[in-house]
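Subject: A structure for you to look at

Hi there,

Here is the structure I promised to pass on to you. Please open it and keep it beside this email while you read.

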Amino acid sequence: MQNARDTFYVTLRDRLAAVNPARTIVLRGVIRPGVLVEENELASATVPVNAFCLHWTGLSVDAQGRCRWPR
């Protein structure tokens with residue numbers, strides 16, 4: 001599951017950076033595209049302005065391999 005999350009994040013980040021390279025954020029002194037995954041960052045009281053924040057929710061897979069999203 002972690003691989004799917006990472007792949008989705010990298011793809012989204014790269015595509016958004018290509019569409020709008022001016023949308024960037026500064027996080028811990030590093031300039032990067034304006035997308036972040038909450039669970040990968042240090043806890044902070046503020047969310048960077050002009051950024052997309054991804055927050056993963058639960059996902060499970062049953063024995064037949066079908067994905068089940070929480071409702």
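Before going on, a word on what you have. This is a predicted model, in which local features need pLDDT of at least 70 and side-chain atom pairs count only at pLDDT 80 or more, while totals for chains, interfaces and linings use all residues. Residues are numbered from 1 along each chain as its sequence is written, and side-chain values use heavy atoms, with hydrogens and water left out.

**Confidence and overall layout**

The pLDDT is the predictor's confidence in each residue, from 0 to 100. For the protein chain it averages 79, and 75% of the residues score at least 70. Confidence is highest in strand β2 (residues 30–33), with a mean of 88, and lowest in strand β6 (residues 67–68), with a mean of 58.

The protein chain has one helix and six strands, and from the N terminus on they follow the order α-β-β-β-β-β-β. Helices (H or I, at least four residues) and strands (E, at least two) are DSSP runs, numbered from the N terminus. Of the 71 residues, 15% count as buried. The accessible surface comes to about 5,600 Å², and 57% of that belongs to carbon and sulfur atoms; these areas come from the Shrake-Rupley method with a 1.4 Å probe, and for residues only the protein chains shown count as cover.

**The salt bridge**

Back to R13. The structure holds one salt bridge, and the side chains that meet in it are those of R13 and D14, at 3.1 Å from N to O. The term stands for a side-chain nitrogen of Lys or Arg within 4 Å of a carboxyl oxygen of Asp or Glu. D14 is partly exposed, with a relative accessible area of 40%.

**The aromatic pair**

A search of the whole structure finds one aromatic pair. The ring centres of F8 and W56 are 5.8 Å apart and their planes stand at 70 degrees, so this pair is edge-to-face. The rule here is that rings of Phe, Tyr and Trp (its six-membered ring) pair if their centres lie within 6.5 Å; planes under 30 degrees apart count as stacked, over 60 as edge-to-face and the rest as tilted.

Which parts of the chain does the pair tie together? F8 lies in helix α1 (residues 2–19) and W56 in the loop between β4 (52–54) and β5 (60–61), so the pair links parts that are 48 residues apart in sequence. F8 is partly exposed at 44% relative accessible area, and W56 is partly exposed at 24%.

Not counting residues up to four places away in sequence, E39 touches Q2, R5 and W56, where contact means heavy atoms within 4.5 Å. E39 is partly exposed, with a relative accessible area of 45%.

**The hairpin**

Now find strand β1 (residues 24–27), which pairs with β2 in the antiparallel sense over four bridges. Two strands pair if DSSP finds at least two bridges between them. V26 has I31 in β2 as its bridge partner, and L27 stands opposite V30 in β2.

β1 and β2 form a hairpin with two residues between them. R28, in the turn, has a positive phi of about 55 degrees, and R28 is a residue other than glycine. R28 is exposed, with a relative accessible area of 56%.

I25 is buried, with a relative accessible area of 3%. Leaving aside neighbours within four places in sequence, I25 is in contact with several residues, including V30, I31, L36, P48 and V49. I25 and P48 are 23 residues apart in sequence, and their C-alpha atoms are 6.7 Å apart in space.

Best wishes

Technical notes
Buried < 20%, exposed > 50% of the residue type's maximum accessible area, 1.4 Å probe, protein only.
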